[in-house]
Amino acid sequence: MPDLELMLTCPVYNSFRVQQVAGMFDVPVEQKVVQRIRVQKPDLDWPWRVGLIVGPSGSGKSQLARHLFGQAVWQPAAWPEDRAVIDCFGDRPIHEITGLLTSVGFGSPPSWIKPYHVLSTGERFRCDLARALAEANAQADRAAAGSKAPAVLTSAPSPSNSQFTPRGVARSSDVNQAGSLPQAIGPIVVFDEFTSVVDRNVARVGSAAIRRAIQKGLIRCRFVAVTCHYDVAEWLEPDWILDMADGLFQRGCLRRPPIEITIFRSAAAAWRAFAPHHYLSGRLNPVAQCYLATWQETAVAFCALLPIPGRQNHWRISRLVVLPDFQGIGIGTSVLEAVAELYLCWGRRVSITASHPAIIGHLRRSRRWRITAVRKTGSKPFQRGLPKYRGSFGRAVVSAEFLG
């Protein structure tokens, strides 16, 4: 495989302190500082979907990514301070926006309606990622329609940011002009500093969520992560890796480590950590039977069930919450089905009524669930000689029963 060599230069501005450093550490002072990068030239002439450029800080990852992919390197624009995150994705349909936010592990509706600047660092990272992928989907739609319109995402005017135009999604023809890639499938998104600002658990889960979303077809692009963190490689499962430490280019998909969840009966007090992340009321019925799911001794998900009034041995899932840092990799649906399977073994029927897009999507796809009702305006709460419980009036919901 031939080598690719880049020479990077930057000017040196002479000053008294520059001369001091040069004298103290024997650093040669020239007109320019030169850095040479030598790596194996990547062979990208095949239908890959996920790539990874990884290496130590200062090894030239960003420069190499720009050389290989040009305008495909994502450059995020500012987010308006007076608008909710959900309103900052241009004219993309709401089901796609919520699907993308969920696919990158940001599946918390209470946070969707907040402005970007009040979110945590991890939530901001996932919002940036979702917006980059939304633009990639828009580019894929335009390509499918035969349009050659430039990739531009705009918002309605706002005082803090009247218009924003993120850059960083390139058509295949754009990359051809840079001489890096031939005509191939789908647009390309190159995300620099991938997971650099988030907790490592968030980084690994987020990486797995992206790969999962690409495999499911929710993300219609090719994705390249550029990072100094090697721990995401197994979780991202890239089709190729370019390691700047040794300059080696390798093809072949890594295997993600297994995610082993432990589920056990818990007290209602465990709900306190999950209540702020539930998209309905944060209250929990005191008679609910509660279950807690842990991963590597860390609580990650909560599930609660209630008996259905007037129906013997028939229970419903009343609460199902996965903490934001662990969303997007299927933990919620795995916990849902594990608990439902347990109750089925006890001779009990289990149903769920949901309005969250991710849960509804799973219920529709899975053969283990049977859709029993679709209500566009929900249902009113009712009372049959038992304490009244909250209905779904005003919300579009899907009800399903577990078949096992």
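Modeller: Two packed helices are described by the angle between their axes and the distance between the axes. Here the axes of helix H3 (residues 94–103) and helix H5 (residues 121–144) come within 9 Å and cross at roughly 135°. That makes H3 oblique to H5. Angles under 35 degrees count as roughly parallel, over 145 as roughly antiparallel, 65 to 115 as roughly perpendicular and the rest as oblique. Axes are lines fitted to C-alpha atoms, for helices over the stretch in contact, and angles run from 0 to 180 degrees between N-to-C directions. Helices (H or I, at least four residues) and strands (E, at least two) are DSSP runs, numbered from the N terminus.

Biologist: Which residues in H3 and H5 meet?

Modeller: Glu96, Leu100 and Leu101 in H3 touch Ala130, Leu133, Ala134 and Asn137 in H5. Contact means heavy atoms within 4.5 Å.

Biologist: What are the ground rules?

Modeller: This is a predicted model, where local features need pLDDT of at least 70, side-chain atom pairs count only at pLDDT 80 or more, and totals for chains, interfaces and linings use all residues. Residues are numbered from 1 along each chain as its sequence is written, and side-chain values use heavy atoms, leaving out hydrogens and water.

Biologist: In what order do the strands of the open sheet run?

Modeller: Strands of a sheet pair through backbone hydrogen bonds, either parallel or antiparallel. In this model, 7 strands follow the order S9-S10-S11-S12-S13-S15-S14, with mixed pairing. Two strands pair if DSSP finds at least two bridges between them. S9 (262–266) and S14 (369–375) are the edges; each has a single partner strand, so one side of each lacks a neighbour in the sheet.

Biologist: How many bridges join S14 to S15?

Modeller: There are 6, and S14 and S15 (residues 397–402) run antiparallel. Val374 stands opposite Val398 in S15. Helix H10 (residues 357–365) packs on the sheet, touching S12, S13, S14 and S15.

Biologist: Which element has the lowest mean pLDDT?

Modeller: pLDDT is the predictor's confidence in each residue, from 0 to 100. Helix H6 (residues 172–177) is lowest, at 38, and strand S10 (residues 289–295) is highest, at 97.
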